[in-house]
2 protein chains.
Amino acid sequence: MSRDDAEHLHEQAPDWELVDGATRIERTYRFKNFREAFAFVERAAALAEAESHHPDIGFGWGSATVSLRTKKIKGLHENDFIMAAKLDRIAAENSLPH
Amino acid sequence: MSRDDAEHLHEQAPDWELVDGATRIERTYRFKNFREAFAFVERAAALAEAESHHPDIGFGWGSATVSLRTKKIKGLHENDFIMAAKLDRIAAENSLPH
């Protein structure tokens with residue numbers, strides 16, 4: 001995907017940040033505590049297995065950060081943005097406003 | 001805890017790295033795939049809740065990294081090393097040799 005294409009898709013996932021020269025997208029969600037951060041991570045991991053698309057995920061007390069790219073092409077694919085939108089829907093159910 | 005004390009306790013958790021001027025310890029475990037990395041993370045999160053001691057955890061395909069410190073003192077406490085040992089035991093059940 002060209003940088004232009006990535007930027008176009010990015011408009012549809014505006015809360016995600018294009019990083020590493022537009023080869024990854026990343027978003028940090030805020031939660032009330034560790035338990036709620038992990039509840040999101042658990043659902044994100046289940047989604048990752050269901051879609052066979054595995055992000056890097058970091059979490060701790062009150063936050064979780066997801067980093068998406070498509071390993072096979074070492075960059076962004078439309079699927080990364082589709083997954084980003086799905087993660088946003090999951091997180092919307094229990095994350096704090098950012 | 002002084003840096004000397006941290007270094008002494010560190011001898012008992014030798015696979016952990018002292019980082020950030022000995023204010024944190026960190027270890028990366030290797031796993032076969034995403035599913036096994038997450039299986040470890042799930043148990044680590046349950047331990048964190050049980051002990052009311054919450055690390056930062058990052059994971060992805062084939063690895064998980066745990067970072068421990070005691071937030072209240074912004075540094076290391078003996079409890080961090082106790083938790084490190086417990087995490088090592090949990091991980092030993094399904095991690096790959098490092």
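**Exercise 1. In this predicted model, work out how exposed B:Glu36 is, and then which residue its side chain meets in a salt bridge.**

Solution. Begin with the relative accessible area of B:Glu36, which is 23%. Since buried residues lie under 20% and exposed ones over 50%, B:Glu36 is partly exposed. Next, look for the partner: the side chains of B:Glu36 and B:Lys32 meet in a salt bridge, with N and O 3.8 Å apart. Finally, classify this partner by the same cut-offs; B:Lys32, with a relative accessible area of 54%, is exposed.

**Exercise 2. Describe the salt bridges between chain A and chain B, and say where the residues of one of them lie.**

Solution. Start from the count, which is two salt bridges between chain A and chain B. In one of them, the side chains of A:Glu49 and B:Arg35 meet at 3.7 Å, taken from N to O. Because A:Glu49 lies in helix H2 of chain A while B:Arg35 lies in helix H2 of chain B (residues 34-51), this pair joins two chains. With regard to accessibility, A:Glu49 counts as partly exposed at 25%, whereas B:Arg35 counts as exposed at 55%. There is also a salt bridge between B:Glu49 and A:Arg35, whose closest N and O atoms are 3.7 Å apart.

**Exercise 3. Characterise the interface between chain A and chain B by its contacts, its buried area and the elements that contribute to the side of chain A.**

Solution. First, take the contacts, in which 17 residues of chain A meet 17 residues of chain B. Second, take the area: the two chains bury about 1,400 Å² between them, and 67% of this is on carbon and sulfur atoms. In chain A, the residues that lose the most area to chain B are A:Phe34, A:Glu49 and A:Phe59, which together make up 35% of what that side buries. Third, turn to the polar contacts, of which the count is four residue pairs. The elements of chain A that give two or more residues to this side are helix H2 (34-51) and strand E3 (56-60), and the largest share, eight residues, comes from H2(A). By residue type, that side divides into nine nonpolar, three polar and five charged residues.

How values were computed. Residues numbered from 1 in each chain as written. Chains lettered and ligands numbered in written order. Predicted model: local features only at pLDDT ≥ 70, side-chain atom pairs only at ≥ 80, totals over all residues. Heavy atoms only, no water. Contact = heavy atoms within 4.5 Å. Buried area = accessible area lost by both parts, 1.4 Å probe. Salt bridge = Lys/Arg side-chain N within 4 Å of Asp/Glu carboxyl O. Polar contact = N/O pair within 3.5 Å; in protein donor to acceptor, adjacent residues only side chain to side chain. Helix = DSSP H or I, 4+ residues; strand = E, 2+ residues; numbered from the N terminus. Nonpolar A, V, L, I, M, F, W, Y, C, P; charged D, E, K, R; others polar. Buried < 20%, exposed > 50% of the residue type's maximum accessible area, 1.4 Å probe, protein only.
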